[in-house]
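This briefing concerns the structure shown below. It is arranged by topic for reading alongside the sequence and the model.

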Amino acid sequence: MVEILPKMPKSWNPESKPHKFCPGCGHGLVLKALGQAIDELGIQDRVVFGCDIGCSLLSWDFFNVDTVQTHHGRTTPVMVGIKRANPNLVVVAYMGDGGGYAIGSQHLVNAATRNEKITCILVNNTNYAMTGGQMAPTTMPGQKTETTPYGRDVEETGYPMLGPEMVAAITREGAYAARGSVAKFAQLKKYIKKALENQMAGRGFSFVEALSTCPTNWRTNAAQTWQFIEETMTKYFPLGEFKVPEGKED
Amino acid sequence: MSTAAAPAYLKKVYTTEVNKGKAVFAIFPGLCKGCGLCKEKCPEGALSWSEKLGVYGTPTVTPDPELCKACGICERVCPDCAIAIIRVDKEK
């Protein structure tokens, strides 16, 4: 009998597992998709991974690649700097919705407007999970969080942010913007792979938003977690590609 | 890196022969956090809570060998890579 090993992507760091995310957290699945995409493209030796503040920073020892951890949303400009210093590298800015859309949104907007040749992966779980589940820019209307106990009131706090739609609107030709979901793993992996390939081809800004689960702060069991991400979230956050470089459509 | 001791989760693995012996369902209790995402995604309803405990002291899952078709959906949706489905090659 051969020795049975866990089927982890080769780019994962096996010594830091089990990883630090909560049971049922979607970060593990997004990072699994990213790891498999890195393996399939064979670029592990030239990837630089930048993680943000929030739950996403728990991925600082996740991969066997060079990793930088920066402040809220600042992972985007740090990755832009690394890419400009050494264009041969493949840089991945990994952030949550709080870091990318609220506190550090100016960096995302400016990097997208300049069409920087980097890949951004933004994980959307509709709340600030690390600080206890407060309302985030992506909290859906009527959704209950710690700071919206009666549900998000759009009269008072506005509507949630639609990131890939915004990036698709402000970027120039050559950019890539898509939204995947951890409930559709193969699709998410395809989007992440296309985003990495778009960067490697030097076409432009590549942005993937990944809808993710947060059973700890949603206070859901496994069945309710799948129901929330597959039915409730996709109603407000449609999946798909919003901007594809010309000639690269499916 | 190569001199470091093997990670603790490799020490224990529970295997079950499924799909009429054509595949092996392996679960690593040192990785399983008991979230139950795999149990809900199983199209055959073959997974149930096990007596064996995972890394956080929560139950792991065990497959029903009669129902499991070794499709691999549980392996794919596991955020911790705690499940491995190994297809057994036919003897030639």
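**Interface and pocket of chains A and B**

Between chain A and chain B the count is two salt bridges. The model is predicted, and every value below was computed from it.

**Extent of the interface**

- On the side of chain A, 31 residues are in contact with 29 residues of chain B.
- The area buried between chain A and chain B is about 2500 Å², and carbon and sulfur atoms give 68% of this area.
- A:Ile4, A:Lys7 and A:Trp226 supply 25% of the area that chain A buries against chain B, which is more than any other three residues supply.

**Charged and polar pairs between the chains**

- Side chains of opposite charge can pair when their charged atoms come close.
- A:Glu230 forms a salt bridge with B:Lys41, and the closest N and O atoms of this pair are 2.6 Å apart.
- A salt bridge also joins A:Lys7 and B:Glu75, with the closest N and O atoms 3.2 Å apart.
- This second pair crosses between chains, from A:Lys7 in the segment before α1 of chain A to B:Glu75 in helix α2 of chain B.
- Over all chains, the count comes to 13 salt bridges.
- Twelve residue pairs, with both residues at pLDDT 80 or more, are in polar contact across the interface of chain A and chain B.

**The side of chain A that touches chain B**

- Three helices of chain A, α1 (27-41), α7 (185-200) and α9 (222-236), each supply at least two residues of this side.
- The largest share, five residues, comes from α9(A).
- By class, the residues of this side divide into 19 nonpolar, six polar and six charged.

**The largest pocket**

- The volume of the largest pocket is about 290 Å³.
- Its lining comprises 14 residues, of which A:Gln36, A:Phe185, B:Gly72, B:Glu75 and B:Arg76 are the closest to the pocket centre.
- Both chains contribute elements that give two or more residues to the lining: α1 and α7 from chain A, and α2 (73-77) and β5 (83-87) from chain B.
- The lining has six nonpolar, two polar and six charged residues.

**Backbone features of chain A**

- The peptide bond from A:Lys17 to A:Pro18 is cis, with omega near 5 degrees.
- A:Pro18 lies in the segment before α1 of chain A, and A:Lys7 is likewise placed in the segment before α1.
- A:Thr126 is not a glycine, yet it has a positive phi of about 65 degrees.
- The loop between β4 (119-124) and β5 (127-128) of chain A holds A:Thr126.

Definitions and conventions: Residues numbered from 1 in each chain as written. Chains lettered and ligands numbered in written order. Predicted model: local features only at pLDDT ≥ 70, side-chain atom pairs only at ≥ 80, totals over all residues. Heavy atoms only, no water. Contact = heavy atoms within 4.5 Å. Buried area = accessible area lost by both parts, 1.4 Å probe. Salt bridge = Lys/Arg side-chain N within 4 Å of Asp/Glu carboxyl O. Polar contact = N/O pair within 3.5 Å; in protein donor to acceptor, adjacent residues only side chain to side chain. Helix = DSSP H or I, 4+ residues; strand = E, 2+ residues; numbered from the N terminus. Nonpolar A, V, L, I, M, F, W, Y, C, P; charged D, E, K, R; others polar. 1 Å grid on protein atoms, 1.4 Å probe; cavity = no way out; pocket = protein on both sides within 12 Å on 5 of 7 lines; lining within 4 Å. Points joined across faces, edges and corners; volume = space filled by probe spheres on them.
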